[in-house]
Amino acid sequence: MLLKAMRIRGEILGENHPDYATSLNNLAAFYNETGNLKNVESFLLEALKIKREVLGKYHPEYATSLDNLAGFYDAIGNYEKAEPMYIEALRIRKENLGENHPDYATSPNNLCSLLQHNRQL
């Protein structure tokens, strides 16, 4: 169903549309959850690229894509790649949404989780 949704969005909206990028993120999340990690990174990188090109690198949805990719890197133990992405997502959300927005609260949570994982090594 996720593949079908992605194909439909790609055909109707185009492969440079933010909704197509959302489908890529959804598919990556599914593959990640099922342990099929082969294409997760490439889907997340493509979604990030689309959101950056279409919405700009200061848009909250771009921050969400940064968080998704950082979360993948965090999960596989690549903390060096994850940390700057979490920090950038936090900065974008703080500047655009403010510290009292629920989406902003995700960023300090994610960064704290990463720092806890990193210290356990």
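These are my notebook entries on a predicted model.

**Setting up**

I began with the ground rules. Residues are numbered from 1 along each chain as its sequence is written, and side-chain values use heavy atoms, with hydrogens and water left out. The model is predicted, so I kept to its limits: local features need pLDDT of at least 70, side-chain atom pairs count only at pLDDT 80 or more, and totals for chains, interfaces and linings use all residues.

**Entry: the core**

I looked up the largest nonpolar core. A nonpolar core is a set of buried Ala, Val, Leu, Ile, Met, Phe, Trp, Tyr and Cys residues joined through side-chain atoms within 4.5 Å. Buried means under 20% relative accessible area, exposed means over 50%, and partly exposed lies in between (1.4 Å probe, protein chains only). The largest core holds 28 residues. Leu24 and Leu66 have the most contacts inside it. I then listed the elements that give two or more residues to this core: H2, H3, helix H4 (60-75), helix H5 (79-97) and H6. Helices here are DSSP runs (H or I, at least four residues), numbered from the N terminus. Which helix gives the most to this core? I found that H4 does, with seven residues. In soluble globular proteins, nonpolar side chains tend to be buried together.

Contact means heavy atoms within 4.5 Å. Leaving aside neighbours within four places in sequence, Leu66 is in contact with Leu48, Met85, Glu88, Ala89 and Ile92.

**Entry: aromatic rings**

Next I checked the rings. Rings of Phe, Tyr and Trp (its six-membered ring) pair if their centres lie within 6.5 Å; planes under 30 degrees apart count as stacked, over 60 as edge-to-face and the rest as tilted. I got three aromatic pairs by this rule. Phe30 and Tyr31 make a tilted pair, with 5.7 Å between centres and 55 degrees between planes. Phe30 is partly exposed at 44% relative accessible area, while Tyr31 is buried at 16%. Is the pair of Tyr31 and Phe43 stacked or tilted? It is stacked, because the ring centres are 6.0 Å apart and the planes stand at 20 degrees. This pair links distant parts of the chain, with Tyr31 in helix H2 (residues 18-33) and Phe43 in helix H3 (residues 40-55), twelve residues apart. Phe43 is buried, with a relative accessible area of 17%. I noted that Phe30, Tyr31 and Phe43 form one aromatic cluster.

**Entry: salt bridges**

I turned to charge. Side chains of opposite charge can pair when their charged atoms come close. A salt bridge here is a side-chain nitrogen of Lys or Arg within 4 Å of a carboxyl oxygen of Asp or Glu. I counted six by this rule.

Glu41 and Lys81 meet at 4.0 Å, N to O. Glu41 lies in helix H3 and Lys81 in helix H5, so this pair ties together parts that are 40 residues apart in sequence. Glu41 is partly exposed at 28% relative accessibility, and Lys81 is partly exposed at 40%.

Asp67 and Arg93 form a salt bridge, with their closest N and O atoms 2.3 Å apart. Asp67 sits in helix H4 and Arg93 in helix H5, so the pair joins parts that are 26 residues apart in sequence. Are these two residues buried or exposed? Asp67 is buried at 8% relative accessibility, and Arg93 is buried at 5%.

Glu99 and Lys94 meet in a salt bridge at 3.1 Å, N to O. Glu99 is partly exposed at 48% relative accessibility, and Lys94 is partly exposed at 40%. I also found Glu88, Arg91 and Glu95 linked in a network of salt bridges.

**Entry: Ser107**

I wanted to see what Ser107 meets. Ser107 is in helix H6 (residues 102-119) and is buried, at 0% relative accessibility. Not counting residues up to four places away in sequence, Ser107 touches Asp67, Ala89, Leu90 and Arg93.
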